[in-house]
Amino acid sequence: MRKQVILLPGDGVGREIMEGAKAVLNTIAGEYNHEFIVHEHAIGGDAIDRYDTPLPEQTVKACENADAILLGAVGGPKWDGMPAGKRPEKGLLGIRKSLGLFANLRPVQGFGPLVHASPLKTELVDGCDILIVRELTGGLYFGKPSGRSADGEEVVDTLRYTRKEIERIVEKGFEAAQMRSGKLTSVDKANVLESSRMWREVVEEKAKDYPDVTVEHQLVDSAAMKLITNPKQFDVIVTENLFGDILSDEASVLTGSLGMLPSASLRTDGVGLYEPVHGSAPDIAGEGVVNPLGMILSTAMMLKYSFGMEEEAAEIERAVKECLEDGYHTRDLDVQGGKVVGTDEMIKRIVENLSTKSISNAICSSYM
Ligand SMILES: NC(=O)c1ccc[n+]([C@@H]2O[C@H](COP(=O)([O-])OP(=O)(O)OC[C@H]3O[C@@H](n4cnc5c(N)ncnc54)[C@H](O)[C@@H]3O)[C@@H](O)[C@H]2O)c1
Ligand SMILES: CC(C)[C@H](C(=O)O)[C@@H](O)C(=O)O
Ligand SMILES: [Mg+2]
């Protein structure tokens with residue numbers, strides 16, 4: 001297969017982890033006789049520095065014409081004082097919105113040595129397999145009005161959803177639950193927010209179309225507590241934009257590191273943007289210690305969801321798993337008895353593992 005992939009390394013550790021994605025794509029291309037035509041474009045702070053905007057027109061055009069997009073991370077203290085429209089994060093929100101990528105899938109799995117890396121008790125984490133389905137192009141992130149009054153003494157952000165926007169993401173949640181264990185937890189704040197009350201209504205209506213799925217509603221505050229006290233009660237969680245953002249970082253604790261989580265941002269056709277859940281990690285950028293696995297697993301998700309390359313994706317997941325089982329990990333993972341290696345060494349080991357194909361033992365095959 002021949003596929004066009006746009007790389008958006010972005011800021012901070014973004015460029016370091018993108019090396020992992022590139023190395024893995026190169027290896028898969030060689031092993032399976034694919035051709036990945038990659039072009040790099042600017043986004044975030046990098047784009048502000050070079051083009052005075054976090055989302056240059058040429059970046060949007062290239063992404064619109066691509067088969068899929070890989071993104072590292074955006075943001076950092078260098079751009080913290082920028083006005084709202086010129087913050088690096090605007091570039092990320094802008095590309096999600098302009099491509100209509102409303103469905104954000106964030107799988108969380110405690111597997112292999114990761115169950116010991118988590119600060120939670122092993123028996124709580126062992127076997128955890130959760131998919132967070134986060135709405136990505138609505139809610140507080142995009143509602144108007146948003147801003148400050150002229151005297152600077154009042155601020156407003158608007159939480160807005162249309163019924164249609166809720167319906168399409170809730171459907172994704174049901175579809176995912178149907179393909180997995182058949183359990184869907186819808187997370188909202190229906191005791192306070194009108195948007196959440198409509199969300200609940202939509203979930204109830206849609207439930208009639210999916211009689212094989214068991215639905216549960218949870219309020220976001222107690223759901224956040226249960227996520228780390230009894231995580232195995234969850235399979236698919238469907239929730240709105242901001243709740244999904246917060247719950248996914250929290251859920252990363254189950255894996256021992258925020259650096260482990262991949263994500264896919266999708267719409268109804270095959271085009272997607274794939275990025276790790278973590279940010280630009282300015283505190284460790286440039287040190288060569290960042291965990292590249294969230295980015296590498298995001299690359300696997302791209303192969304699976306955008307290109308239908310199930311076997312290739314499973315190979316990457318196997319290589320990651322085996323590398324961790326062999327004891328190699330970056331320093332963010334607190335695995336007793338393991339060997340701490342830097343980012344480059346971790347990438348090198350994954351590539352070596354990939355080149356020695358063995359029976360597939362996918363860790364992420366049940367994403368959706
Ligand atoms: N998708 C994105 O581009 C994205 C996501 C989240 C945050 N951000 C941006 O990143 C910047 C920093 O935000 P933050 O510090 O709150 O969150 P962060 O996710 O960048 O970092 C949080 C903590 O986790 C650690 N960490 C994150 N990823 C890691 C990895 N792969 N390996 C090892 N350690 C890792 C960091 O060192 C830091 O201590 C902000 O500008 C924020 O807006 C961007
Ligand atoms: C950087 C920021 C805009 C982004 C979000 O809030 O969506 C990030 O935290 C994420 O989780 O992808
Ligand atoms: Mg986030």
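What is the handedness of the crossing of α12 and α13? Figure 1 takes up that question, and the other views follow. This is a predicted model, in which local features need pLDDT of at least 70, side-chain atom pairs count only at pLDDT 80 or more, and totals for chains, interfaces and linings use all residues. Residues are numbered from 1 along each chain as its sequence is written, while chains are lettered from A and ligands numbered from 1 in the order in which they are written.

**Figure 1. Helix α12 against α13.** The crossing of α12 and α13 is right-handed; the term applies if the near helix is turned clockwise from the far one by less than a right angle, and left-handed if anticlockwise. Helix α12 covers residues 310-325, and its axis lies 9 Å from that of α13, at an angle of about 120°. Axes here are lines fitted to C-alpha atoms, for helices over the stretch in contact, with angles running from 0 to 180 degrees between N-to-C directions. The pair α12 and α13 is therefore oblique (angles under 35 degrees count as roughly parallel, over 145 as roughly antiparallel, 65 to 115 as roughly perpendicular and the rest as oblique). From α12 the contact draws on E315, I316, A319, V320, E322 and C323, and from α13 on R349, I350, N353 and L354; two residues are in contact if their C-beta atoms, placed from the backbone, lie within 7 Å. The contact of α12 with α13 holds six nonpolar residues, one polar and three charged. In this count Ala, Val, Leu, Ile, Met, Phe, Trp, Tyr, Cys and Pro are nonpolar, Asp, Glu, Lys and Arg are charged, and the others, Gly among them, are polar. Helices (H or I, at least four residues) and strands (E, at least two) are DSSP runs, numbered from the N terminus.

**Figure 2. Helix α1 beside helix α13.** Now look at α1 (residues 14-32) and α13 (residues 343-355), whose axes come within 10 Å and cross at roughly 15°. These two helices, α1 and α13, are therefore roughly parallel to each other, and their crossing is right-handed. On the α1 side you will find E16, E19, G20, A23, V24, T27 and E31, meeting T343, I347, I350, V351, L354 and S355 of α13. Six nonpolar, four polar and three charged residues make up the contact of α1 with α13.

**Figure 3. Helices α7 and α8.** Helix α7 (residues 163-179) packs with helix α8 (residues 194-207) at an angle of about 50°, and the axes are 9 Å apart. That makes α7 and α8 oblique to each other. Their crossing is right-handed. R163, I166, E167, V170, E171 and F174 of α7 make the contact with M198, W199, V202, V203 and K206 of α8. The contact of α7 with α8 has seven nonpolar and four charged residues, and no polar ones.

**Figure 4. The shells around the two ligands.** Around ligand 2 sit G75, E89, L92, L93, D245, V277 and G279; a residue is near a molecule if its C-beta atom, placed from the backbone, lies within 6 Å of it. Helix α4 (residues 88-98) gives the most to this shell, with three residues. By class, the shell around ligand 2 has three nonpolar, two polar and two charged residues. Ligand 1 is surrounded by 20 residues, the closest being G75, G259, H278, G279 and N291. Its shell divides into eight nonpolar, eight polar and four charged residues.

**Figure 5. Positions listed by UniProt.** An unreviewed UniProt entry lists R96, R106, R134 and D221 under "binding site". They span 126 residues in sequence and the farthest two C-alpha atoms are 26.7 Å apart, so they do not all gather at one spot. R134 lies in strand β5 (residues 129-135). UniProt positions follow the numbering used here, feature names are shortened, and annotations may be inferred rather than shown by experiment.

**Figure 6. Two backbone details.** K144 and P145 are joined by a cis peptide bond with omega of about 5°, and P145 is placed in strand β6 (residues 143-148). D52, in the loop between α2 (44-51) and α3 (57-64), has a positive phi of about 65° although it is not a glycine.
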